[in-house]
Amino acid sequence: MSSEPPPAAGQPRDSERPRKAPLLRPTADGPHALRLLVVDDEPSICQALELLFGWHGLEVVTALSAADATRAIADSTFDVLLIDLRLHDARGDAVFRAAIERDPTFRERTLFMTGDITVEAERIISATNCPFLRKPFDITLAVQAIAALVGVSYPQIEHRSGSGSSLGDDGFVR
């Protein structure tokens with residue numbers, strides 16, 4: 001007997017919902033699924049982003065702290081890092097600096113996210129020369145921004161004006 005609650009009338013179970021094909025990155029060894037490390041100290045945000053980015057075809061690993069992120073970067077390979085600026089144990093730019101010490105190409109493959117709208121937050125992120133997303137953000141535009149960092153195209157969506165997205169036309173803020 002399944003412990004999963006039945007879906008609402010007319011709604012498919014999660015296992016029956018259509019998912020997008022994996023977002024592939026070409027490599028010398030052939031194409032592989034684009035791997036994303038999401039670093040945020042809010043478990044609910046990590047869980048939501050893992051589900052949403054997964055639905056869009058990304059392979060997602062999450063880290064709930066700077067220490068967890070640093071270990072994950074040392075132990076695995078990621079195509080893109082999505083790092084929250086404010087973490088409980090450090091700022092996201094410290095995670096970024098640790099990542100580029102290990103692999104300098106993360107300078108071009110890191111995207112920040114933040115709900116902090118202060119000038120100080122913008123200054124900190126600007127010093128990294130990385131693009132950033134303002135929370136809350138449109139998930140499809142975020143996927144486009146992530147894909148763009150590694151030179152992969154992701155289908156454009158029709159975006160209604162006035163939808164409240166804080167992302168630029170290319171999917172992220174510089």
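In the predicted model, the count of salt bridges comes to 11. One of them joins the side chains of arginine 25 and aspartate 79, with an N to O distance of 2.8 Å. Arginine 25 belongs to strand E1 (residues 24-25), whereas aspartate 79 sits in the loop between helix H2 (66-75) and strand E5 (80-84), so this pair ties together parts that are 54 residues apart in sequence. Aspartate 79 has a relative accessibility of 3% and therefore counts as buried, the cut-off being under 20%.

A salt bridge is also found between the side chains of lysine 135 and aspartate 40, at 2.7 Å from N to O. This pair links distant parts of the chain, 95 residues apart: lysine 135 is in the loop between E7 and helix H5 (139-149), and aspartate 40 is in the loop between strand E3 (35-39) and helix H1 (43-55). Aspartate 40 is buried, with a relative accessible area of 0%, while lysine 135, at 26%, counts as partly exposed. Asp40 and Lys135 are linked with Asp84 in a network of salt bridges.

In the salt bridge between arginine 109 and aspartate 103, the closest N and O atoms are 3.0 Å apart. Arginine 109 is buried at 10% relative accessibility, and aspartate 103 is partly exposed at 25%.

Arginine 134 lies in strand E7 (residues 132-134) and is buried, its relative accessibility being 18%. The side chain of arginine 134 makes a polar contact of 2.5 Å with the side chain of glutamate 122. A polar atom of the arginine 134 side chain also lies 3.3 Å from the backbone oxygen of aspartate 116.

Conventions: Residues numbered from 1 in each chain as written. Predicted model: local features only at pLDDT ≥ 70, side-chain atom pairs only at ≥ 80, totals over all residues. Heavy atoms only, no water. Helix = DSSP H or I, 4+ residues; strand = E, 2+ residues; numbered from the N terminus. Buried < 20%, exposed > 50% of the residue type's maximum accessible area, 1.4 Å probe, protein only. Polar contact = N/O pair within 3.5 Å; in protein donor to acceptor, adjacent residues only side chain to side chain. Salt bridge = Lys/Arg side-chain N within 4 Å of Asp/Glu carboxyl O.
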